[in-house]
Protein chains: 2
Amino acid sequence: MKQHEKEQLLQIVKSSEKDIQADISITHGRRSFLRNTVAMAGSAGMLGASALANAQSDVLPIPESNKTMGNQLKFESYGVPSKYESNVKRRRSDILVNKQQFSDWSMTPIQSTPGIVTPNGLFYERHHNGFPDIDPDHHKLVVHGMVAKPLVLTMNDIVRYPTVTKFYFMECSGNGLTDWLTAKSKTVQQTHGLLSCAQWTGVPVSWILDEAGIDPKATWLIAEGADASGHFRSIPIDKMLDDALLVYAMNGEMLRPENGYPLRLLLPGWEGNVSIKWLRRIKAGTEPWHARGETARYTDPMPGGKWRKFSFVMEAKSVITNPSGGMQIQPGFNEIRGYAWSGNGKINAVDVSVDGGKNWQTAELEEPVIDKCLTRFKFNWKWQGGPAQIVSRCVDSTGYVQPTVADIQKVRAITGFVQHHNGLFPWNVSSNGEVTNGIG
Amino acid sequence: MKQHEKEQLLQIVKSSEKDIQADISITHGRRSFLRNTVAMAGSAGMLGASALANAQSDVLPIPESNKTMGNQLKFESYGVPSKYESNVKRRRSDILVNKQQFSDWSMTPIQSTPGIVTPNGLFYERHHNGFPDIDPDHHKLVVHGMVAKPLVLTMNDIVRYPTVTKFYFMECSGNGLTDWLTAKSKTVQQTHGLLSCAQWTGVPVSWILDEAGIDPKATWLIAEGADASGHFRSIPIDKMLDDALLVYAMNGEMLRPENGYPLRLLLPGWEGNVSIKWLRRIKAGTEPWHARGETARYTDPMPGGKWRKFSFVMEAKSVITNPSGGMQIQPGFNEIRGYAWSGNGKINAVDVSVDGGKNWQTAELEEPVIDKCLTRFKFNWKWQGGPAQIVSRCVDSTGYVQPTVADIQKVRAITGFVQHHNGLFPWNVSSNGEVTNGIG
């Protein structure tokens, strides 16, 4: 932020100061700071003069922690968050209850994750029959089918290859499906929490296929997991040769069990379910295999009762995470923050509207802005106190503009169990500052 | 990697294939994959033809995990690493045993952290009298001294400011101090593990000082923690107005208790101990306060028996993390990997030598390369099987070249308890592939 912009901002803040006692209204149990950034009173600090202390002397109250012997780390243990942050955790959907006991998902609290790194302990996951407990010493990857030299690789083999490390987002094809036409989910964790981002480490699939001597006539590959659902998908060879990775690490450590330990496929920018977890084989052929995930699941209804079989790419999308559903804001300064991402490239721009899309203003993008990675946007807003509707809209590096739901309905049928929702998503702000789902 | 480079690499690998059974020799208990990337046999996959399977048919062995109902996540809990990775954890120094029970540190296993994100559960920490358990609802930051308008800010106030999120490394001034002239520590976790990196979120200190109306005559500020040691340091105002942040989040979640929860100072590129944790006050004045950390600790011995009081900046430094002490490598292809960083800017280049510094070759830098952040470097090495000494050397964006210890000795005294070690650090590789500390 430039100096004159900062001065303007401070001016906005100070001109709108009100000494309001916070009325903290939170959806899920004990609050955490980040979820409630905007739920707090505008009564102190930059936001007001009323709480400026009588701290004119050096005689400051000494907190108890300055007088009490501190805690010792449990040395040589893996660290955990503060007990005061126990509210920040993955959650199920409140709306879509899956009756199959072992087929479920957990959603990331994206209202509480600043920056572009999703902590591994909060990374979203979805599985079709539980997640397996795989001893990496016994795990093997087989590469076969239309190859000159079939391979069986152990994990020890795979980690000896030269490494590639990249930031990429991961998004479930079903992210947002509860809220196409009617407001159902209450929080952004439940509308958009099947979304996370990590720095991944692994080996390009192209190297492995090269080594196996892939037949030039091969056009499709199958990737299959070692889990109890035997989840598998057919993948066009072009993607496999482009930027697909075999990954074994995320965010500086080995994959978590629910995210594919010890090995998963990563297809950057594509729907999460094709990035097969617990990967045990890749087979080359000349046509797709008609997997359950390509017939009963992950297909899109089209006009005229037809269904589209493959919708791999997660197209450009954005959502405001702060303020978002379940929060309460105060008049005056509020920073609007959110994520934007595109399976087709970088985010070029994000616009924000505070009047439901009538007028748009440019948001700031936070560096680094990376291809097929979450990008943070920010917008300084002075809320005047009346009803408002806040919504974001992104443009990616191909020039594609995030569509409205009405735009999407021109080319697709929005009926039943519809995936691949990348429409604009508004939040309503009521006169008393309550933020709620603004769909419909 | 370009196509012709990949082909060259595959050629190197294939021409050096040996079907050697791994002799896994690891320092700390059960192995993890990443620590032992180079300790595995070169007997399969890209590294050899001997393990290529009889996988010619589609009849592949079905692993038990495909036939057994999987685990369910403990929903709404915070995730943890696989039980097979329990070896990857923070550790004390084996060499430098601190007799003060509550003054200690834990070191990051940087041989096991690919990429530039250190998982928060593995982030290094150092404290002087334990770490406090602070309820964020009761924590306050006081800004006083030479300011027009003293401030008392609650955490709720602080998180309402516009946010700034940045990647920065954090390094203890004492990182490497056990191994200036004699090889003592066995692993890179113990020689260089007081080093981590995160994406931090907070508020520029300059905004807070601006709001408090900092006196133009103020030249130094004090920052003090709310821990039982009352650790505090004097900080020049120029740094505070440049890039200093008040941070409350790291890597997508609130600070961990041992890393300053709920609020710490962050002075990018400076020695870790000035980035005061559990921050409770900032006071403006006209001279340094002669803190214990500026007299009994964190000072540098100089020639002639004098001591230098302030050595804030962590100057450009690099270290090879793979292979490193305690690992065992096999003849043929080995990827040399490591970190480079500079408190003065970006990393411009890293060179690697495999003959103890006689000849140098350019390593590849992995994107993103960010100011005052860890940068990953990689170098493809064909080990011929004889004794070798591997070492890295970096150049930062100011043109500064990482010095040898002999270079440093020309201007500083290396005696006693010497901090701020940024000298070149070699690892010896013996004829049988054992990797050991190469100092002295």
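Start with chain B: select residues 140-145, strand β3, and residues 279-285, strand β12. Four bridges join these two strands, which run parallel. Strands here are DSSP runs (E, at least two residues), numbered from the N terminus, as are helices (H or I, at least four). Two strands count as paired if DSSP finds at least two bridges between them. This is a predicted model: local features need pLDDT of at least 70, side-chain atom pairs count only at pLDDT 80 or more, and totals for chains, interfaces and linings use all residues. Residues are numbered from 1 along each chain as its sequence is written, with chains lettered from A and ligands numbered from 1 in the order in which they are written.

Zoom in on G145(B). Opposite it, in β12(B), stands A284(B).

Now widen the view to the sheet. In chain B, five strands form an open sheet in the order β4-β3-β12-β7-β8, with mixed pairing. Select 151-154 (β4) and 232-236 (β8) of chain B: these are the edges, each with a single partner strand, so one side of each has no neighbour in the sheet.

Next, show both chains. Their contact takes 112 residues from chain B and 112 residues from chain A; two residues are in contact if their C-beta atoms, placed from the backbone, lie within 7 Å. On the side of chain B that touches chain A, color 53 nonpolar, 34 polar and 25 charged residues. Nonpolar means Ala, Val, Leu, Ile, Met, Phe, Trp, Tyr, Cys and Pro; charged means Asp, Glu, Lys and Arg; the others, Gly among them, are polar.

Finish on chain A. Look for six helices and 23 strands.
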